[in-house]
Amino acid sequence: MEFFNDVGSDPLKPSFFELIAQEQLRDLLQPALKYVLAVFAQRYPRYLLKIVNRHEEFYAATMLVVESYYLKKHNASFAENFYGLKRRRRPFIATERTKAAVGGIPQGEGLRRPEIWRSLVFLVCVPYLRAKAHDYYEELGGGINSDILEGTDTRQVQALTEETFKGKVRRVFKALYPWFNVSFEAWLLAWNVAYLFDKTPYYRPWLSWIRVDLRRLGIEDFRAASLAAQKKVPPTQKLDFIIRLRQLLSSSPRLLLDSLRFLLPTAIFFVKFLEWWYSPNSPARSLNTSPLGPAIPPPRMLPPHPQGLQIDRQAYGICPICQKPMNNATALPSGYVFCYRCAYDHVEEQGKCPVTLLPTRIWQLRKVLV
C-alpha cells in the first residue's frame, strides 16, 4: 500500500502506516502509565491512590508538559518525533521550494505559538474529553438496555429514571453518545481514505484548520540537530562547582523529557510483555513447571449454617431465596449464587449471607458471567 503515497514525487510525505503507528504509540501511553501506577499504588496507597483515581487528569497534565516541550523543540508531538516525523506550518501558497524534498523546515514554516496551542488542544484536550465522556457513559450503564436495569446499581437506576432536568440530560446523553462516537470515527475514516488516495495533505481534519501538515525528517533536520548538539558542548576549561551544579539543575528537566523518547516505549514494551507472560493463554505459562507439583485446586464451598437457609444442591439454576430460575446471577463471598435482586435485598437488610450467615456487604457482591 506504500505506492498510494506517491513516494516518487514527495519522499518526505509520511505513509499512512507511519501515521497510524505513531497514533497507536500515543494510545498505548495512557493504559501503560495507569497499569504502572496501579501496581505501585498497591504498595504505596497513601501517596498514589488519589492519582490512580484521578488518572485521566494526571495523564492529561503530564502529556501537556511533554507535548508542549516536544512541539517547541522538535516541531512535533512525542509520538511523531519518535517515528521521525515533524509538523510544518503549511504555506498559503505552495512554491517549488516548499515542495522540494530537501528536508528541514524552511524559514517561516516552523510552528509558532498559535499553532503550538492549537496542536495541544487536539493532542491533549480532545482525547481527555473523549475519555471522560466514555467513562460517564459507562457509569450510566453503557449499552445496558432499560428492560434489565433492575440488575444494575440502585444509584445507576435512579440517575436514569428520575424526572428532573439532570435525569433527562443523562438519558439524552446515553442515547446520543454511541451515535456521536460512531459518526466521529466514520469522519476520521473518511479523512484517512482521502489521505491514502492523495486527495488531501492532511490525515486528520483539524490539521487543515491549524494549517499544519506532517513530514518526514530529512537530511537538513539531522544536520541542524547535530549542529545544535555541538553548540551545547561546554568549552574544555575548568568550571566552578557552583556553575556546574547550576548547569546540571537547569539541564536536568530537558534531559528527562528528551529521555522519554526511549524510556516510554521501553516501558510500554515491558508492560505488554508482562501482560502476555501472565495471561492465562500464554504459551510461557505451560512451560512453567512448578516444583510444588500440580496447581492448587480452588477452595471448597463453605458449608451451610444450621440456622441458615437450606439449599437443594440438585436444583441447579434455581435461586435458593425466591425458588425461581436464576435472574442476573450474583455470587457472595461465601461462594453461593443468587438472583441479584434477592442477594442485594437480603444483604442490605440482614448484612450477612443467607446460607452461611457470614457478614457480607453490598460492595462484595459479584456478578457471574454465564
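Modeller: Asn75 has a relative accessibility of 17%, so Asn75 counts as buried. The cut-off for buried is under 20%. Keep in mind that this is a predicted model. Asn75 sits in the loop between H3 and helix H4 (78-82). Its phi is positive, about 55 degrees, although Asn75 is not a glycine. Most residues other than glycine have a negative phi. Asn75 comes after H3.

Now step back into that helix. H3 covers residues 55-74, which makes 20 residues. At 1.5 Å a residue, H3 should span 28 Å. Which residues of H3 are buried? They are His55, Glu56, Tyr59, Ala60, Met63, Val66, Glu67, Ser68, Tyr69, Tyr70 and Leu71. An α-helix has 3.6 residues a turn, so residues three or four places apart point the same way.

Pick Tyr70 from that list. The structure holds 15 aromatic pairs, and Tyr70 forms one of them with Phe78. How is such a pair described? It takes the distance of the centres and the angle of the planes. For Tyr70 and Phe78, the centres are 5.5 Å apart and the planes stand at 85 degrees, so the pair is edge-to-face. The cut-off for that label is over 60 degrees. Both Tyr70 and Phe78 are buried.

Phe122 lies in helix H6 (residues 113-139), and Trp206 lies in helix H9 (residues 205-210). The pair therefore ties together parts that are 84 residues apart in sequence. Trp206 is buried, at 13%. Ring pairs also join Phe122 and Trp206 to Phe180, Phe184, Trp187 and Trp209 in a cluster.

The charged end of Lys13 sits over the ring of Tyr195, 4.7 Å from the ring centre. Lys367 places its charged end over the ring of Tyr340, also 4.7 Å from the centre.

Side chains of opposite charge can pair when their charged atoms come close. A search of the whole structure finds 11 salt bridges. One of them joins Glu80 to Arg87, with the closest N and O atoms 3.0 Å apart. Glu80 is buried, with a relative accessible area of 1%. Arg87 is buried as well, at 5%.

Arg88 has a salt bridge with Asp213, 2.7 Å from N to O. Arg88 is in strand E1 (residues 85-89), while Asp213 is in strand E2 (residues 212-216). This pair links distant parts of the chain, 125 residues apart. Asp213 counts as buried at 3%, and Arg88 counts as buried at 7%.

Arg130 and Glu185 meet at 2.9 Å, N to O. Arg130 is in H6, and Glu185 is in helix H8 (residues 165-196), 55 residues apart. Arg130 is partly exposed at 31%. Glu185 is partly exposed too, at 39%. Elsewhere, salt bridges that share partners join Glu23, Arg26 and Arg204 into one network.

Leu357 lies in the loop between helix H13 (340-350) and strand E5 (366-367). At 25% relative accessibility, Leu357 counts as partly exposed, whereas Asn75 is buried at 17%.

How values were computed: Residues numbered from 1 in each chain as written. Predicted model: local features only at pLDDT ≥ 70, side-chain atom pairs only at ≥ 80, totals over all residues. Heavy atoms only, no water. Phe/Tyr/Trp six-rings, centres within 6.5 Å; stacked < 30°, edge-to-face > 60°. Buried < 20%, exposed > 50% of the residue type's maximum accessible area, 1.4 Å probe, protein only. Helix = DSSP H or I, 4+ residues; strand = E, 2+ residues; numbered from the N terminus. Lys NZ or Arg CZ within 6 Å of the ring centre and 35° of its normal. Salt bridge = Lys/Arg side-chain N within 4 Å of Asp/Glu carboxyl O. Expected span 1.5 Å × (residues − 1).
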